[in-house]
Amino acid sequence: MTPIQVSRLLKVAIDSNIIQFHITMPIEVDFDLGKKIKDKYKLRECVVVDEENDGLIGVKIAQYTAKFVSSLLQDDTIIGVSWGKGIYEFVKQLPFSRFPNLKIVQLSGGFFSENNYMVTPAHIVTTACEKLGGVPVFLNAPFFSPNLDTKNELLKDEGILKIYELAGRSAVNIIGASPLKKESTVFQVGMVSPDDIEELSSLNAVGDIAGYFIDEKGEPIKWSKSELYNGVPVELISRAPTSLCIASEPEKEIVIRASLNKKYFNTLITSKKLAQRLL
């Protein structure tokens with residue numbers, strides 16, 4: 001076979017996603033700091049990625065998370081995924097695999113975002129399935145129901161009940177957290193309005209974990225939309241053998257600390273800058 005023939009076949013394989021090239025950057029881990037966080041908050045595992053370049057830290061955390069989660073997967077595994085920039089970056093870094101019986105469960109209701117469609121729950125589940133060859137399980141409900149009657153009807157839906165049942169048997173749940181700021185993704189995609197932020201601030205909310213707004217002690221906030229949110233309860237998410245939170249930004253300190261104290265997850269993959277604040 002000539003070099004030209006090889007080049008042509010290689011191009012066809014690349015265009016068909018049979019062959020992919022990934023640039024893998026070296027990932028440094030601060031084991032001592034990770035152990036301190038793990039022991040302080042009684043976690044199952046804590047990985048602290050050591051990267052001073054703020055522009056690279058999110059990608060490196062995603063790469064490490066992809067390797068970590070991939071090591072836990074089997075063909076009959078059930079995993080749940082939340083949404084957001086960090087979660088999307090994680091699914092992008094997943095290696096192409098073939099797990100035809102693996103189920104990937106959407107943990108929160110959906111929404112449309114023209115400018116940020118990549119971070120939407122359905123797109124993240126779809127991307128994860130494309131990477132892992134699994135079966136998508138979509139939560140076919142809006143992020144917020146328009147009223148309580150609609151929410152109560154949704155809770156009777158067999159598809160919604162199946163989501164809850166699968167989430168309860170999930171081996172791995174991957175979630176994120178956001179501080180209560182206008183810069184956060186939940187605000188940028190329009191799921192939380194300026195009025196919502198004002199209301200939540202008046203109730204001492206510090207941010208959300210997997211869609212649930214909490215105070216600095218980790219207690220759920222009762223606000224005008226708290227009963228309208230459609231998503232797997234964070235208490236159920238946290239029961240998975242590996243309930244994993246991805247967080248890199250130092251400004252997430254308060255909401256992550258609150259979530260750690262309330263034990264909403266047992267595994268944390270984070271940056272050195274955020275980890276230092278959590279000690």
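Reader: How many salt bridges does a search of the whole structure find?

Author: Twelve, where a salt bridge is a side-chain nitrogen of Lys or Arg within 4 Å of a carboxyl oxygen of Asp or Glu. This is a predicted model, in which local features need pLDDT of at least 70 and side-chain atom pairs count only at pLDDT 80 or more, while totals for chains, interfaces and linings use all residues. Residues are numbered from 1 along each chain as its sequence is written, and side-chain values use heavy atoms, with hydrogens and water left out.

Reader: What is the general idea, and where do Glu89 and Lys92 lie?

Author: Side chains of opposite charge can pair when their charged atoms come close. Glu89 and Lys92 are both in helix H4, three residues apart, about one turn of the helix; helices (H or I, at least four residues) and strands (E, at least two) are DSSP runs, numbered from the N terminus. Their side chains meet in a salt bridge at 3.5 Å, N to O.

Reader: Is Glu89 buried or exposed?

Author: Buried means under 20% relative accessible area, exposed over 50%, and partly exposed in between (1.4 Å probe, protein chains only). Glu89 is buried at 18%, whereas Lys92 is partly exposed at 34%.

Reader: Which residue forms a salt bridge with Lys225?

Author: Asp196, at 2.9 Å from N to O. Lys225 is in the loop between S7 and H10 and Asp196 in helix H9 (residues 194–202), so the pair ties together parts that are 29 residues apart in sequence. Asp196 is buried at 6% relative accessibility, and Lys225 is partly exposed at 24%.

Reader: Which residues do salt bridges that share partners join into one network?

Author: Asp30, Asp50 and Lys272.

Reader: Now the strands. In which sense do S2 and S3 pair?

Author: Two strands pair if DSSP finds at least two bridges between them. Strand S2 (residues 78–81) and strand S3 (residues 103–106) pair in the parallel sense, over four bridges. Within this pairing, Val81 is opposite Gln106. S3 is also joined by three bridges to strand S4 (residues 135–137), again in parallel, with Pro136 of S4 as the bridge partner of Ile104.

Reader: Which units do these strands make with helices?

Author: A crossover is right-handed if, with the strands pointing away from the viewer, the path from the first strand over the helix to the second runs clockwise. S2, helix H4 (residues 85–93) and S3 make a right-handed β-α-β unit. Another right-handed β-α-β unit consists of S3, helix H5 (residues 121–132) and S4.
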